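Subject: Structure for you to look at

Hi,

Here is the structure I promised to pass on. Have a look at it first, and then read my notes below.

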Amino acid sequence: MSNPNLSPERKTSWVRTIQAVLWSFVGLRKNADCQQDIEKLNPFHIIGVGIGLAFLFVLGLIALVNWVVLQPTGL
């Protein structure tokens, strides 16, 4: 039986985790908000969301480059 004071429960939504990761991608974040995220968010969720969003970002860049390359040149 564990003492709840020793290991605080981290209850937040996935939306809050995604917001925190997106803010970290941009690099603009208040220190107070960052400290709240550290206290409340699950690190494994942050890692998973971070990897997923990075993967989507790379796929978006690949799609953008392919779209630009396939456009007919009008010059």
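Contact here means heavy atoms within 4.5 Å. By that rule, Arg29 touches Arg16, Trp23, Cys34 and Asp37, leaving aside residues up to four places away in sequence. Keep in mind that this is a predicted model.

First, the overall layout. The chain has three helices and zero strands, and reading along the sequence gives the pattern α-α-α. Of the 75 residues in the chain, 11% are buried. As for contacts with a separation of 6 or more, 79% of them come from residues 24 or more positions apart.

Back to Arg29, then. You'll find Arg29 in the loop between helix 1 and helix 2. Its relative accessible area is 31%, so Arg29 is partly exposed.

One of the partners of Arg29 is Asp37, which sits in helix 2 (residues 31–40). Is Asp37 buried or exposed? With 9% relative accessibility, Asp37 counts as buried, the cut-off being under 20%. Apart from residues up to four places away in sequence, Asp37 touches Arg16, Ala20 and Arg29. Arg16 therefore turns up in the contact lists of both Arg29 and Asp37. There is also a C-alpha distance you can check: Asp37 and Thr17 are 20 residues apart along the chain, and their C-alpha atoms are separated by 8.2 Å.

Lys40 is in helix 2 too. Its relative accessibility is 44%, so Lys40 counts as partly exposed. From Lys40 to Thr17, 23 residues apart along the chain, the C-alpha separation is 9.5 Å.

Now the helix packing. Two packed helices are described by the angle between their axes and the distance between the axes. For helix 1 (residues 14–26) and helix 3 (residues 43–70), the axes come within 9 Å and cross at roughly 60°. That angle makes helix 1 oblique to helix 3, and the crossing is right-handed.

Which residues meet there? On the helix 1 side they are Trp14, Thr17, Ile18, Val21, Leu22 and Phe25, and on the helix 3 side His45, Ile46, Val49, Gly50, Leu53 and Ala54. Sorted by class, this contact of helix 1 with helix 3 has nine nonpolar, three polar and no charged residues. Thr17, the residue in both C-alpha distances above, is among those on the helix 1 side.

An α-helix has 3.6 residues a turn, so residues three or four places apart point the same way. With that in mind, look at the buried residues of helix 3, which are Val49, Gly50 and Leu53. These buried residues pack against helix 1.

One last check, on the length of helix 3. At 1.5 Å a residue, its 28 residues should span 40 Å, and the end C-alpha atoms are 41 Å apart, which agrees.

If you open the model, I'd begin with the contact of helix 1 with helix 3 and then move to Asp37 and Arg29, which touch each other.

Cheers

Methods
Residues are numbered from 1 along each chain as its sequence is written. This is a predicted model: local features need pLDDT of at least 70, side-chain atom pairs count only at pLDDT 80 or more; totals for chains, interfaces and linings use all residues. Side-chain values use heavy atoms; hydrogens and water are left out. Axes are lines fitted to C-alpha atoms, for helices over the stretch in contact, and angles run from 0 to 180 degrees between N-to-C directions. Helices (H or I, at least four residues) and strands (E, at least two) are DSSP runs, numbered from the N terminus. Angles under 35 degrees count as roughly parallel, over 145 as roughly antiparallel, 65 to 115 as roughly perpendicular and the rest as oblique. A crossing is left-handed if the near helix is turned anticlockwise from the far one by less than a right angle, and right-handed if clockwise. Ala, Val, Leu, Ile, Met, Phe, Trp, Tyr, Cys and Pro count as nonpolar, Asp, Glu, Lys and Arg as charged, and the others, Gly among them, as polar. The expected span of a helix is 1.5 Å times one less than its number of residues. Buried means under 20% relative accessible area, exposed over 50%, partly exposed in between (1.4 Å probe, protein chains only).
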